Amino acid sequence: MAKLRWFLLTGLFAFLVTAWPVLDPARDGRRVVTYAQEKDWETKKIVPFVPTPQGVVDRMLELAEVKKGDVVYDLGSGDGRIVITAARKYGVRAVGFEIDPDLIKESRENIRKAGLEHLAEIRQQDILTVDLSPATVLTMYLLPSVNMQLRPKVQKELRPGARIVSHAFDMEDWKADRVEQVKDPGGFSRTVYLWRIRDRAPR
Ligand SMILES: C[S@@+](CC[C@H](N)C(=O)[O-])C[C@H]1O[C@@H](n2cnc3c(N)ncnc32)[C@H](O)[C@@H]1O
């Protein structure tokens, strides 16, 4: 009898150990959470990655008149080229905000290769949630609807003296301080908009 009990208990133990990964009541929940986290950034990605040609990046930063002491924020920083250019050419602190893990990895690697880790960084964050108040220069290459989603935050959070430079897309009825056409390497014209925050955001 004792032998039978021992046999049954050992059998039950062995069964539970082998079958636990399937029987675990929390397993499905965990899998759903992991799946949701993995997919989370994809649903938040509201603009595809299309890099700004380097010549246009250079002109955007010139138009913003980046100078020592500025803090450049690039919303949706892609491969990090705007952040890297700002740090390398002007020696300023530059922060990129990116949601796509592959681009975050690539851009951090680009910063490391450029030896600019002391000035430039990439934060994994949804651009719609970024506190913009530390930025003195804001760069964007997004979409018209996304510019408009950001506009109230820009208006509320940027301080007087800050500059906003947008590649390709305007801010509807905000009158730009400058609009410039910049030729890309293929000979196509790219539009760059500049707004300056005075005492109030542009209207
Ligand atoms: C058109 S690309 C611009 C890249 C870079 N700023 C440039 O001009 O070369 C837009 C970038 O925004 C990123 N992005 C899209 N939705 C985002 C979000 N919700 N939060 C952060 N980044 C986002 C994309 O992954 C992409 O890299």
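Which residue stands opposite R178 in β7? That residue is L194.

## About the model

Residue numbers start from 1 along each chain as its sequence is written. This is a predicted model, where local features need pLDDT of at least 70 and side-chain atom pairs count only at pLDDT 80 or more, while totals for chains, interfaces and linings use all residues.

## The sheet

Let's follow the strands. An open sheet of 7 strands runs in the order β3-β2-β1-β4-β5-β7-β6, with mixed pairing (strands are DSSP runs of E, at least two residues, and helices are runs of H or I, at least four, numbered from the N terminus; two strands pair if DSSP finds at least two bridges between them). β3 (120–124) and β6 (178–183) are the edge strands, each with a single partner, so one side of each has no neighbour in the sheet. From one strand to the next, the twist averages 20° (axes are lines fitted to C-alpha atoms, for helices over the stretch in contact, and angles run from 0 to 180 degrees between N-to-C directions).

β6 pairs with β7 (189–196) in the antiparallel sense over 6 bridges. Helix α3 (54–63) packs on the sheet, touching β4, β5, β6 and β7 (contact means C-beta atoms, placed from the backbone, within 7 Å). The direction of α3 makes about 20° with that of β7. α4 also packs on the sheet, touching β1, β2, β3 and β4, and its direction makes about 175° with that of β2.

## Around the ligand

The ligand is surrounded by 24 residues, and T52, G76, G78, I99 and Y141 are the closest (near means a C-beta atom, placed from the backbone, within 6 Å). α4 (81–90) and β2 (93–98) each supply at least two residues of this shell.

Methods: Two residues are in contact if their C-beta atoms, placed from the backbone, lie within 7 Å.
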